[in-house]
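Here are some notes to read with the model open beside you.

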Number of protein chains: 2
Amino acid sequence: MDQPSRSAGTVRPGGRTARVRAAVMEATQDELVEHGFHGLTMDQVAARAGVGKTTVYRRWGSRAGLVTDLMTELANQSTPHADTGGVEADLRANALSVLGAINDGRLGATFQAVIAAATSDEQAAGALRAFYLRRIAEWANVVDLAVKRGELPAGTDGAEVIRAISAPLYYRLVVTREPVTEKDAERSVARTLAAARAGAFVVEEL
Amino acid sequence: MDQPSRSAGTVRPGGRTARVRAAVMEATQDELVEHGFHGLTMDQVAARAGVGKTTVYRRWGSRAGLVTDLMTELANQSTPHADTGGVEADLRANALSVLGAINDGRLGATFQAVIAAATSDEQAAGALRAFYLRRIAEWANVVDLAVKRGELPAGTDGAEVIRAISAPLYYRLVVTREPVTEKDAERSVARTLAAARAGAFVVEEL
């Protein structure tokens with residue numbers, strides 16, 4: 001079952017290495033959703049994926065290594081930013097995308113498990129940070145486009161606008177533990193846009 | 001050491017019952033900070049507090065019971081809302097208070113441990129929600145005072161304004177795992193206030 005003599009990096013993409021990774025990522029996410037980070041074990045992931053334990057230990061090293069690769073995979077699978085031609089519709093698409101992920105049983109539980117893991121594991125924290133900074137940078141483009149169209153003031157900080165859209169939704173999800181609804185997404189867009197139009201997201205002079 | 005024959009409720013405040021509670025709350029917070037919710041055990045809390053195990057089991061029932069009582073105690077100890085006579089200074093006081101709690105080694109670690117616990121424990125989630133809803137309701141008063149002074153539009157939703165001040169700070173703390181600085185607190189106040197002045201927090205008509 002295991003092939004320790006073959007170097008993982010030399011196998012062609014789409015071959016056994018890719019199949020093993022897909023199975024291990026799927027099993028990692030399943031285990032995270034069902035048992036959380038504290039209930040995640042390398043052995044259980046290997047068993048669930050139908051992959052030899054030594055392969056999992058050699059390739060991912062630790063459960064934090066599994067979570068890091070899973071977050072990379074989830075970022076790779078995420079949709080690119082909207083481009084509707086208007087900033088309000090673009091930001092609404094962002095808010096609804098975040099809302100959909102949060103309220104998706106599998107994806108939402110995955111994020112919550114990694115958010116919990118990150119409070120006590122530095123590697124998990126790094127994986128979480130990398131995931132969100134990639135998503136923020138991707139969606140910040142809609143603000144740059146809006147500035148070019150003259151919809152928002154020059155110098156508006158796109159990454160900060162995107163953080164501001166997400167923040168109230170995650171605050172309800174993991175801090176106040178309140179339901180996160182489409183109304184919350186709409187409010188977040190309206191409030192962020194009002195502040196952005198008033199210039200409150202323009203990068204400050206040093 | 002333990003006195004199972006004496007009913008806890010009949011002992012005078014400030015007496016043995018109050019001393020036991022204070023010692024158990026202190027030990028609960030110490031254990032949470034050092035080991036997180038998954039590392040919290042009733043036995044270790046009892047040992048650390050110098051209190052009999054049966055007392056801890058009888059009075060708090062479970063580690064989630066300990067966390068619930070701790071969050072109630074932390075809410076009781078929290079400062080009342082500012083009243084400087086101006087909404088900007090009041091909201092800045094709120095943001096700096098949140099920032100101080102987040103960046104306090106002991107208090108910040110406590111919140112993060114309970115936020116993590118709440119992702120997998122319903123009772124911990126309820127305790128977290130109750131804590132923040134009390135704090136939000138307390139500080140919402142500064143918005144009501146601002147509306148009365150004519151600083152913000154009539155109908156501005158005070159609880160939503162206070163959520164909006166905190167949200168970007170907690171988003172950086174537990175989601176993007178970025179540093180949370182005084183600059184972030186100032187930005188949160190400026191942006192929330194810009195949106196509030198533009199009427200974006202006025203309660204919508206049904």
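1. The contact between the two chains takes 35 residues from chain A and 35 residues from chain B, where contact means heavy atoms within 4.5 Å. In chain A, the residues that lose the most area to chain B are A:Tyr171, A:Arg177 and A:Arg191, together 22% of what that side buries. Between them, chain A and chain B bury about 3,300 Å², with 59% of it on carbon and sulfur atoms. Buried area here is the accessible area (1.4 Å probe) that two parts lose on being put together, summed over both.

2. A word on conventions before going further. This is a predicted model, in which local features need pLDDT of at least 70 and side-chain atom pairs count only at pLDDT 80 or more, while totals for chains, interfaces and linings use all residues. Residues are numbered from 1 along each chain as its sequence is written, chains are lettered from A and ligands numbered from 1 in the order in which they are written, and side-chain values use heavy atoms, with hydrogens and water left out.

3. Which polar pairs hold across the interface? There are 11 residue pairs in polar contact between chain A and chain B, both at pLDDT 80 or more. On the chain A side, helix H6 (105-118), helix H7 (122-148), H8 and helix H9 (182-197) each supply at least two residues that touch chain B. H8(A) gives the largest share of that side, 10 residues. The side of chain A that touches chain B divides into 20 nonpolar, 5 polar and 10 charged residues. For these classes, Ala, Val, Leu, Ile, Met, Phe, Trp, Tyr, Cys and Pro count as nonpolar, Asp, Glu, Lys and Arg as charged, and the others, Gly among them, as polar. Helices are DSSP runs (H or I, at least four residues), numbered from the N terminus. A polar contact is a pair of N or O atoms within 3.5 Å; within protein, one must be able to donate a hydrogen and the other to accept it, and residues adjacent in sequence count only if both atoms are side-chain atoms.4. Salt bridges also cross between the chains: the count between chain A and chain B is 8. A salt bridge is a side-chain nitrogen of Lys or Arg within 4 Å of a carboxyl oxygen of Asp or Glu. One to look at joins the side chains of B:Arg163 and A:Glu178 (2.8 Å, N to O).

4. A:Glu160 deserves a look of its own. This residue sits in helix H8 (residues 158-175) of chain A. A:Glu160 counts as buried because its relative accessibility is 8%; buried means under 20% relative accessible area, exposed over 50%, and partly exposed in between (1.4 Å probe, protein chains only). Its side chain makes a polar contact of 2.9 Å with that of A:Arg163. Leaving aside neighbours within four places in sequence, A:Glu160 is in contact with A:Phe201, B:Arg172, B:Arg187 and B:Arg191.

5. Over all chains, the count comes to 34 salt bridges. In one of them, the side chains of A:Arg48 and A:Glu31 meet at 2.6 Å, N to O. A:Arg48 lies in helix H2 (residues 42-49) of chain A and A:Glu31 in helix H1 (residues 16-35) of chain A, so this pair ties together parts that are 17 residues apart in sequence. Is each partner buried or partly exposed? A:Arg48 counts as partly exposed, at 36% relative accessibility, and A:Glu31 as buried, at 1%.

6. Chain B has a salt bridge between the side chains of B:Arg21 and B:Glu73 (2.9 Å, N to O). The pair links distant parts of the chain, with B:Arg21 in helix H1 (residues 16-35) of chain B and B:Glu73 in helix H4 (residues 63-77) of chain B, 52 residues apart. B:Arg21 is partly exposed at 22% relative accessibility, while B:Glu73, at 18%, counts as buried.

7. Helix H1 of chain B also holds B:Glu26. The side chains of B:Glu26 and B:Arg106 meet in a salt bridge of 3.8 Å, N to O. B:Arg106 lies in helix H6 (residues 105-118) of chain B, so the pair ties together parts that are 80 residues apart in sequence. B:Glu26 is partly exposed, with a relative accessible area of 47%, and B:Arg106 is partly exposed as well, at 29%.

8. Finally, the annotated region. UniProt, in an unreviewed entry, places the feature "DNA-binding region" at residues 41-60 of chain A; such annotations may be inferred rather than shown by experiment. The end C-alpha atoms of residues 41-60 of chain A lie 12 Å apart, and the span is 80% helix and 0% strand. In chain B, B:Asp43 is found in helix H2 (residues 42-49). B:Asp43 counts as partly exposed, at 32% relative accessibility, and its side chain joins that of B:Tyr57 in a polar contact of 3.0 Å.
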